[in-house]
Amino acid sequence: MLLALALGAIALLLILISVLRLSPFLAFMITAPAVGFAAGLAPQAVFSALETGIGKALGPVTAVLCIGAMLGKLIAGSGGAQRITEAMTRALGMQRLPWAMMITGFVVGIPLFYNVGFVILVPLLFTLQAATRQPLLPMGIPLLAALSVTHGYLPPHPAPVYIADVFQADLGLTLLYGFIVAVPAVLAGGPWFAQRLGRLQPRPDPALFQAEPLPSDQLPPLGASVLTALLPVVLIAMAALVQGMLPEGHLLRQAMSLLGNPAVALLISLLLGLLLLGIRRGRTLSSLMQEQGEAVKGISPVLIIIAGAGALKEMLDQAGVSQHLASLLDGSPLPPLVLGWAMAACIRVCIGSATIAGFTTAGILAPFVAASGASPELMVLAIGAGSLFLSHVNDTGFWMFKEYFGLSVRDTLRSWSVMETLVSVVGLAGVLLLDLAV
């Protein structure tokens, strides 16, 4: 009965989102009470679980996601992303432009949400291609592979942060492991795969080549741009390293624990960025605050999806479904990490959204992971890798790539969809190898 209830919940979610085209939040808010009533919970218990689940889900991640969105908006709007792109191109030269774009995508992709990074960097890519006459896809695929991997694997992006909270994973360790896993995934899906796309001829809209980057004298310094983008990563990673080296109660460990808190690290970077990329560049505080307000508006759709996913997770818990699934999965022949990857991959293929795939998988597997003994940090990465698997026609990222690059559906499947599958599969392989080591 409880297994059928879980499968029915997933099926209802798929129908509401994929067939009826309801918003993900509304789909979650219909599915969650349906699960509660079908399990025999009293109406008061159902609505109490909805409120509790939303609060639990939003509480730990709201500050991180909002400040992260503000930081990303600042780096993009100030020209910091353009400065990093130009510096990487000059440093590596024309023959290594794919590597320059990959590194740019990785650095800029850490603080920028995927869609924002795409819209900011792809016009710059087109401008660069028009100036250099280099093939477009061999430069574009490494850029987008890096953006996609950082979106799926690394905090402070929504899915990794939420999944880490559900599994009580250490964000510092998740970030360190994430870098180890992300590098080979980006290399495989980026430069290596891009070399095999020479026969595909993209035909982007000529209007996209008219994107005019800021003049060089209006760009912020490279050091300030890189420092603002990477400081959160440095602080979180240093906190994780210090925690493993110093005894509990040590003053430096306590200080780094505070500075390495994701919300605090992002806030420090944001304040520094406002100074270095904004005020010192002649921008007024009022214009900066207006830009920051727009950034918070942009993150609101992600926050309400998190709220809906939290409501469904709590309802599954209250109905006993999660615990029942945990007992069934305990005897599964699949290792926990492979199971998490496979479940996220299935939901991704059915729904299209990597974020929803990660959220839903975490909610279903939470009790199982706690009982399985699997590393919570590696489970975050396994689910993140699975959530990127086989993007196709039900994913907005698929259509953004197709329309911007002017490809047919068939060629988009041969390029974009294969790239997403590669970074997903290589990511799983990296997680499994890392599991053997740690």
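A pocket is an open set of points, on a 1 Å grid over the protein atoms alone, where a 1.4 Å probe fits, with protein on both sides within 12 Å along at least five of seven lines. In this predicted model, local features need pLDDT of at least 70, side-chain atom pairs count only at pLDDT 80 or more, and totals for chains, interfaces and linings use all residues. Residues are numbered from 1 along each chain as its sequence is written, and side-chain values use heavy atoms, with hydrogens and water left out.

**Largest pocket**
- Its volume, the space filled by probe spheres set on grid points joined across faces, edges and corners, is about 1000 Å³.
- The lining (residues with an atom within 4 Å of a point) comprises 43 residues, and Asn115, Val302, Ser353, Thr355 and Thr396 lie nearest the centre.
- Helix 13 (residues 285-318) contributes the most to this lining, with eight residues; helices are DSSP runs of H or I, at least four residues, numbered from the N terminus.

**Second largest pocket**
- The second largest pocket has a volume of about 400 Å³.
- It is lined by 21 residues, of which Asp170, Leu171, Gly260, Asn261 and Pro262 are the closest to its centre.
- Helix 10 gives the most to the lining of this pocket, with five residues.

**Leu378**
- Leu378 belongs to helix 17 (residues 376-386).
- The C-alpha atoms of Leu378 and Gly178 are 8.4 Å apart, although 200 residues separate the two along the chain.
- Beyond four places in sequence, Leu378 is in contact (heavy atoms within 4.5 Å) with Tyr177, Leu337, Val431, Leu434, Asp435 and Val438.

Definitions and conventions:
Helices (H or I, at least four residues) and strands (E, at least two) are DSSP runs, numbered from the N terminus.
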